[in-house]
Amino acid sequence: MKYLDEFSDPVLAKRLFDDIRAVTTRPWSLMEVCGGQTHSIIRHGIDQLLPEEIELIHGPGCPVCVTPLEIIDKALEIASRPDVIFCSFGDMLRVPGSGRDLFKVKSEGADVRVVYSPLDALRIAQENPDRQVVFFGIGFETTAPPNAMTVYQAKKLGIPNFSLLVSHVKVPPAIDAIMNSPDCRVQAFLAAGHVCTVMGMGEYPELAERHRVPIVVTGFEPLDILEGIRRAVRQLEAGQHTVENAYPRAVQAEGSPAARAMLSDVFEVTDRAWRGIGVIPRSGWRLSPKYREFDAEHRFSVTGIETQESTVCRSGEVLQGLIKPHECAAFGKECTPRNPLGATMVSSEGACAAYYLYRRLGTPDKEASSVG
Amino acid sequence: MGHGGGGTLSAELVEHLFAPAFGSDVLAELGDSAHLLLGGARLAFSTDSFVVRPLFFPGGSIGDLAVNGTVNDLAMAGAVPAYLSCGFILEEGVELSVVGRVAEALGEAARTAGVVVATGDTKVVDAGHGDGIFINTAGIGLIPDGVDIRPQRAAPGDVVLVSGPIGVHGVAIMSVREGLEFGVEIQSDTASLAGLVADMLAVCPDLHVLRDPTRGGLATSLNEIATAARVGITLDERSLPVPETVANACAFLGLDPLYVANEGKLVAFVAAEHADAVLAAMRAHPLGKESVAIGHCVPDHPGMVVAATGLGGTRVVDMPLGEQLPRIC
């Protein structure tokens, strides 16, 4: 169980908790950027065991949560077409669009399939030459390279019936946007380790310097997270603001050159809307002109989408770390995993889902109206 | 599809739709099998349908499952399984050799479990309206005198025992159905648990609760028991028997082993004074060699399952909504 048991050893964890306690002299607010880190923190009860001076603020790094409503609605529209096989990772199927989700579209007869790799979608396209196969390409720098690789393969193999519905986003512009917010309370960041595995750490020193904020590249297992917190607090207590790599077993300073080369060949940087946050300049990717023919938005020319976001859901504030999930009035009442008002409640990495699953004190769900 | 996943949606379908429509006092108990009084005998009666894909998987087939699933439902009432019915729904075009292999597997599993297939039925549906073979089995068995095993009997102080590694069947099925390779082949744990239960009853006729945590995994079974008995259940997360292969597969897919299906495992609630003896009896049986205590019932947080994490925190182990979905990254 290397890399699982080893990195949740309670004796080593206690030592790290003790170290953090010893070094902490006053209140600090740290943001873990990635939803996977949020999930791990709540699931293992790390936040309960930290000194009370340390507040963990949950960041925007849940790929499902930040995918804009308009793209979800476009996905629903494309998936509804009878000639389309719509492929997606599983956790996108319950994300609410304007009134329905991919599960609902599937139950209405659409051919929606859960795949474990974008290359599975490409195989389905090869096996179904008379159908259009669309893969829902969302996520951060971690999922972008395999999706780019799939489009590269589709072009190379000449598979005309495959396309990608793209909504990829980048972490560093989001960190910048959070620090530029007048309401920002974040004093240090635990950066997402797997993002840096791909992209390296080159984008962070300038951010750390400009915002005078410590950034510690952090992994996902309990001991990884505790080590990230320990290093961030040490910097804060010492008045430092450098970039540190607390995840060296996975992250090299330069990242993965092969993955980055694939990204820059297939994608180009663009402004992107983040669900609940709004447009962040140069914070996403779209297919470059060379691969435009594989762009599902271009191929299906989905227009006239009118989105309708919940008026009570405060997931945007949760994503920016401005409130905790349970501070939203709808949390656990109108908004549950059964009836999610926002994506943060439905995603397995969403902060609201993590609080609901692991912290809730019991809220009855409502009845359904059809078999799903 | 979520309504078939064994979680909250499945439970609601039964409780809010089927049970009121059928209006049966016996059904209202909502156990894995019905408890019947017939001619002075106490019987357990159960039915289950099997729609597994693929039909053959590492460690078993739909034929084994169709026997073991129903036999285990009877065994979880403490009953000695006696007779099974078997209904085959075949999709037009399925090869007879495949039907034959499934039937052979079913017969062999019945002989191993010590039950007689007493009656059956066959239907054929049009091509495209089935998944090759569906099987429904129903079973009947005798509950020994003095045995009263029901989820409602879970009580504060009870020790929670599980008969071995969890999540194995679900990961085995995923490995073949989704074309995932986990480095090591994972065999389903499908098995008849009637013999194991008999050995447990021999040392402690007063077992409080037995449950085979199939769809929805251990977490679902524990939540159902906590709800039925209005008790809290506290788990020690580090004591959960999760094999390395299952843990790695779940970590890769973003799944929680507590929610992954099992087939040849049981969870038992036993008064603390009997726990050691029952655990020893379980470990002496081939299907219970790796049995462990994983927690206990408490008067706090009634209806809720709470796990003590390895680091010393706590987390709620909730009922899943439907099937778990693999995450994006």
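**Note on a sheet and its helices in chain A**

1. Helix α7 (residues 118-127) of chain A lies across β3 (84-88), β4, β5 (132-139) and β6 (162-169) of chain A, and runs at about 170° to β5(A). Helices (H or I, at least four residues) and strands (E, at least two) are DSSP runs numbered from the N terminus, while angles run from 0 to 180 degrees between N-to-C directions, with axes fitted to C-alpha atoms, for helices over the stretch in contact. Contact means heavy atoms within 4.5 Å.

2. This is a predicted model, in which local features need pLDDT of at least 70 and side-chain atom pairs count only at pLDDT 80 or more. Residues are numbered from 1 along each chain as its sequence is written, and chains are lettered from A in the order in which they are written.

3. The open sheet has six strands in the order β4-β3-β5-β6-β11-β10 (chain A), with mixed pairing, where two strands pair if DSSP finds at least two bridges between them. At its edges stand β4 (111-114) and β10 (267-274) of chain A, each pairing on one side only.

4. Strand β10(A) runs antiparallel to β11 (residues 278-287) of chain A, and seven bridges join them; V269(A) stands opposite W285(A) in β11(A). Helix α8 (residues 144-157) of chain A packs on the sheet, touching β5, β6, β10 and β11 of chain A, and its direction makes about 155° with that of β6(A).

5. Just after helix α11(A), R212(A) takes a positive phi of about 50°.

How values were computed
Side-chain values use heavy atoms; hydrogens and water are left out.
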